[in-house]
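Here is a friendly briefing to read alongside the model. Please have the viewer open and follow along, topic by topic.

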Amino acid sequence: MITLKSAREIEGMRKSGAVLAGVHLGLRDLIKPGISTWAIEKFAREFIEAHGATASEIGFDGYKYATCISINDEVAHGIPRRGLDLKNGDIVKVDMCVNLDGYESDSCWTYAVGEISPENQQLMAVTKKALYLGIDQAVIGNRIGDIGYAIQQYTEVENNYGDVRELIGHGIQPTIHEAPNVPHYGEAGKGLRLREGMTITIEPMITRGTWHLTTRVVPHDTWEYYATEDGSMAAQYEHTLAITKAGPKILTSQDPEFDAKYL
């Protein structure tokens with residue numbers, strides 16, 4: 001079932017999203033060569049709790065952590081690992097969900113570790129732009145397929161990257177995963193029609209190679225996560241947004257100036 005949110009509920013989600021965005025802003029300074037993924041987890045958990053919120057992923061389907069941390073060819077659902085240090089040239093995706101006073105938010109960001117290659121800089125830039133091209137389609141009367149079509153055309157057709165199919169965006173609130181599904185590929189004019197009050201995530205996962213994924217298991221653990229099938233690098237950017245009469249409104253913005261038209 002899809003629930004349409006009131007202005008009060010959307011404001012609650014925006015406040016939750018502000019806490020989440022604060023974590024990402026802090027990670028800009030924290031992430032550097034030599035830092036462990038566990039230090040990222042520790043920072044995120046402490047920041048969220050210090051702001052009166054909780055990390056929604058803890059306990060969700062048995063998950064133990066506040067963050068998902070995926071490095072290089074790891075696409076999604078990687079876990080923070082003690083002793084796993086980031087290296088110069090890595091790219092790392094940090095994904096998390098926050099609950100503040102019952103309101104959920106969800107956002108992933110990709111970070112460069114030290115100096116990265118021009119190829120990975122381009123991958124990150126294309127993936128971030130793809131997110132915003134998708135957001136631009138999230139208007140009343142458009143369809144879910146319009147979002148995916150815009151992302152797929154830019155990433156696959158124009159830039160010859162892989163546009164991951166197996167992992168997709170979703171509705172959010174009152175839980176972190178709600179209807180509808182929001183694929184990052186598709187046909188324009190197809191799928192569910194978007195309505196005022198819907199709250200969704202858009203979160204393209206883009207690779208320098210194939211869009212096909214494989215699963216891996218964390219050593220000395222049973223947790224499975226996703227990586228590119230061909231070992232190519234992957235990036236992801238994600239926002240939570242509300243569909244309103246005034247257009248799509250980003251609820252997890254880190255940059256009021258860059259996102260001014262969406263606030």
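An unreviewed UniProt entry lists His77 and His177 under "binding site". Both His77 and His177 belong to the lining of the largest pocket. Please keep in mind that this is a predicted model. The points below start with the annotated sites, then move to the helix pairs and some local backbone features.

**Annotated binding sites**

- His77, one of the two histidines in that UniProt set, sits in the loop that runs between strand 3 (74-76) and strand 4 (91-100).
- A further "binding site" record in UniProt, again from an unreviewed entry, names Asp95, Asp106 and Glu238. These three span 144 residues in sequence, yet no two of their C-alpha atoms are more than 8.3 Å apart, so they gather at one spot. Asp95, Asp106 and Glu238 are also part of the lining of the largest pocket.
- UniProt also gives the feature "binding site" (unreviewed entry) for Asp106, His170, Glu203 and Glu238. Here the span is 133 residues in sequence, but no two of the C-alpha atoms are more than 11.0 Å apart, so this set gathers at one spot too. The lining of the largest pocket includes Asp106, His170, Glu203 and Glu238.
- As for where these residues sit in the fold, Asp106 is in strand 5 (residues 103-112), while His170 is in strand 7.

**Helix 1 with helix 2**

- Helix 1 (residues 7-30) and helix 2 (residues 37-50) have axes that come within 10 Å and cross at roughly 145°. Their crossing is right-handed.
- On the helix 1 side, the contact is made by Val19, Gly22, Val23, Gly26, Leu27 and Leu30. Helix 2 contributes Ala39, Ile40, Phe43, Ala44, Phe47 and Ile48.
- Sorted by class, the contact of helix 1 with helix 2 has 10 nonpolar residues, two polar ones and no charged residues.

**Helix 3 with helix 4**

- What angle do helix 3 (residues 118-136) and helix 4 (residues 144-158) make where they pack? The angle is about 155°, and the axes of helix 3 and helix 4 are 8 Å apart. That angle makes helix 3 roughly antiparallel to helix 4.
- Helix 3 passes helix 4 in a crossing that is right-handed.
- From helix 3, Val126, Lys129, Ala130, Leu133 and Gly134 take part in the contact. They meet Ile147, Ala150, Ile151, Tyr154 and Thr155 of helix 4.
- The class breakdown for the contact of helix 3 with helix 4 is seven nonpolar, two polar and one charged residues.

**Around strand 8**

- Glu178 is in strand 8. Its C-alpha atom is separated by 7.3 Å from that of Ile2, although Glu178 and Ile2 are 176 residues apart along the chain.
- Which residues does Glu178 contact, leaving aside its neighbours within four places in sequence? They are Met1, His170, Gly171, Ile172 and Gln173.

**Other backbone features to check**

- A cis peptide bond joins Gln173 to Pro174, with omega near 15°. Pro174 lies in the loop between strand 7 (169-171) and strand 8 (178-182). Gln173 is also among the residues in contact with Glu178.
- Asp61 has a phi near 50°, which is a positive value in a residue other than glycine. You will find Asp61 in the loop between strand 1 (54-55) and strand 2 (67-71).

Conventions: Residues numbered from 1 in each chain as written. Predicted model: local features only at pLDDT ≥ 70, side-chain atom pairs only at ≥ 80, totals over all residues. Heavy atoms only, no water. Axes fitted to C-alpha atoms, helices over the stretch in contact; angles between N-to-C directions. Helix = DSSP H or I, 4+ residues; strand = E, 2+ residues; numbered from the N terminus. Parallel < 35°, antiparallel > 145°, perpendicular 65-115°, else oblique. Left-handed = near helix turned anticlockwise from the far one by under 90°. Contact = heavy atoms within 4.5 Å. Nonpolar A, V, L, I, M, F, W, Y, C, P; charged D, E, K, R; others polar. UniProt positions renumbered as here; feature names shortened; annotations may be inferred. 1 Å grid on protein atoms, 1.4 Å probe; cavity = no way out; pocket = protein on both sides within 12 Å on 5 of 7 lines; lining within 4 Å.
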